[in-house]
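Here is a short briefing on one protein chain.

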Amino acid sequence: MEQDRTDPGAARARLARVLERAVPGHVDVEAVIPLSGGASSLTYAVDAIREGQTWRLILQVTPPGQTAEGMSRAVQAALQTRAGNAGVRVAEVVAVLTPQDGLGEGFVMAFVEGETLAPRWLRDDAYAEARAAMLADCAEALARIHAIGAEAVADLRLPVLTPQAQLRALRETYDRCEGAVPVFELAFAMLADRLPEDGDLVLVHGDFRSGNFIVGDTGLAAVVDWELAHVGHPLLDIGWLSTNTWRFGQTQMPVGGFAEREAFYAAYEAAGGRPVDRDLAFAFEMLGSLRWGVMCMQMGAAHLSGEVASVERAAIARRVSETEADILFMLKHGAL
């Protein structure tokens, strides 16, 4: 999109050709509206007309001058499609961009109506019905994702991370950040003893949490942001969803800010998920807090080094202390 900034008409015409390649009939693209821009993704709302009917879409592309870190957009689109075919609520992928399209690396998906800001749907009275449905909806979504299995995505060449391999990778990231955090050292030591080396590895979303859901009037409308998906342990997703940070202040509901642990585990198992080892789930929840703490350190290091000068990243780096408090509580008292 960047190369067509001075000629928005050309960008709309190119996108229309992409859409006509994907669906039958004539398509007019009336507007391409920036929604958000970050280090790894640019998102646009697309207003199109197809056979006389309004067609609302979302376009996600890699920022110009960059290559997608990790997973390509084409693989993300393929994952999203396969998850949808498995019954997971996702936005339908309409078209994947090619180099010949001249619009960058990305894909187009259907627009899904709903709220993406977790603090809003977790707290506002208008979403009371949706919140009540999120326990069952998210448990079912995770069970369906994990049922896809590693063999079904082997052709996509996703990373394979056993729990211990993930812990080692996290340790390498931590060691590259300046300074030591004694609480994190304790967590690394404990998790080195508690996490399994292998296990029944499946497709995991990798970032399944409040904040990566579109929530409609009656519950979960779509699971978004699949770029961290990999083959790993299913409890990674449950532990990450239960991490205190992703409760957005709703600490009385430890799973995502909307559910109790036992109720969620039972719903996940009833939906076809693997039996949840409660002690191991606790270890993965601690891993989630440690993972977020190291990510905060990483963002602070990137800002201080000048690699990515960002007030937002500097502010997030200050949240290391929050994860220290979470881990200390877990070490002393058990689950938060």
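Eleven helices and nine strands make up the secondary structure of the protein chain. The radius of gyration is 21 Å, close to the 20 Å from the globule rule for 336 residues, so the chain is as compact as a globular protein of that length. The model is predicted.

**Dimensions and packing**
- The C-alpha trace spans about 60 × 45 × 40 Å along its principal axes.
- Of the 336 residues, 51% count as buried.
- Among contacts with a separation of 6 or more, 67% link residues 24 or more positions apart.

**Surface and charge**
- The protein chain has an accessible surface of about 15500 Å².
- Carbon and sulfur atoms hold 51% of that surface.
- The chain carries 29 positive and 45 negative charges.

**Cysteines**
- A disulfide is a covalent bond between the sulfur atoms of two cysteines.
- Across the whole structure, the search finds zero disulfides.
- What is the closest cysteine sulfur to that of Cys-177? It is the sulfur of Cys-296, 10 Å away and too far for a bond.
- The cut-off for a disulfide is a sulfur pair within 2.5 Å.
- Seen from Cys-296, the closest cysteine sulfur is in Cys-177, again at 10 Å and too far for a bond.
- Cys-177 has 8% relative accessibility, so it counts as buried.
- Cys-296 also counts as buried, because its relative accessibility is 0%.
- The threshold for buried is under 20% relative accessible area.

Technical notes: Residues are numbered from 1 along each chain as its sequence is written. This is a predicted model: local features need pLDDT of at least 70, side-chain atom pairs count only at pLDDT 80 or more; totals for chains, interfaces and linings use all residues. Side-chain values use heavy atoms; hydrogens and water are left out. Helices (H or I, at least four residues) and strands (E, at least two) are DSSP runs, numbered from the N terminus. The radius of gyration is taken over C-alpha atoms; the globule rule is 2.2 Å times the number of residues to the power 0.38. Buried means under 20% relative accessible area, exposed over 50%, partly exposed in between (1.4 Å probe, protein chains only). Contact means heavy atoms within 4.5 Å. Accessible areas come from the Shrake-Rupley method with a 1.4 Å probe; for residues, only the protein chains shown count as cover. Lys and Arg count as positive and Asp and Glu as negative; His and the chain ends are not counted. The place of a charge is taken as NZ of Lys, CZ of Arg, CG of Asp or CD of Glu.
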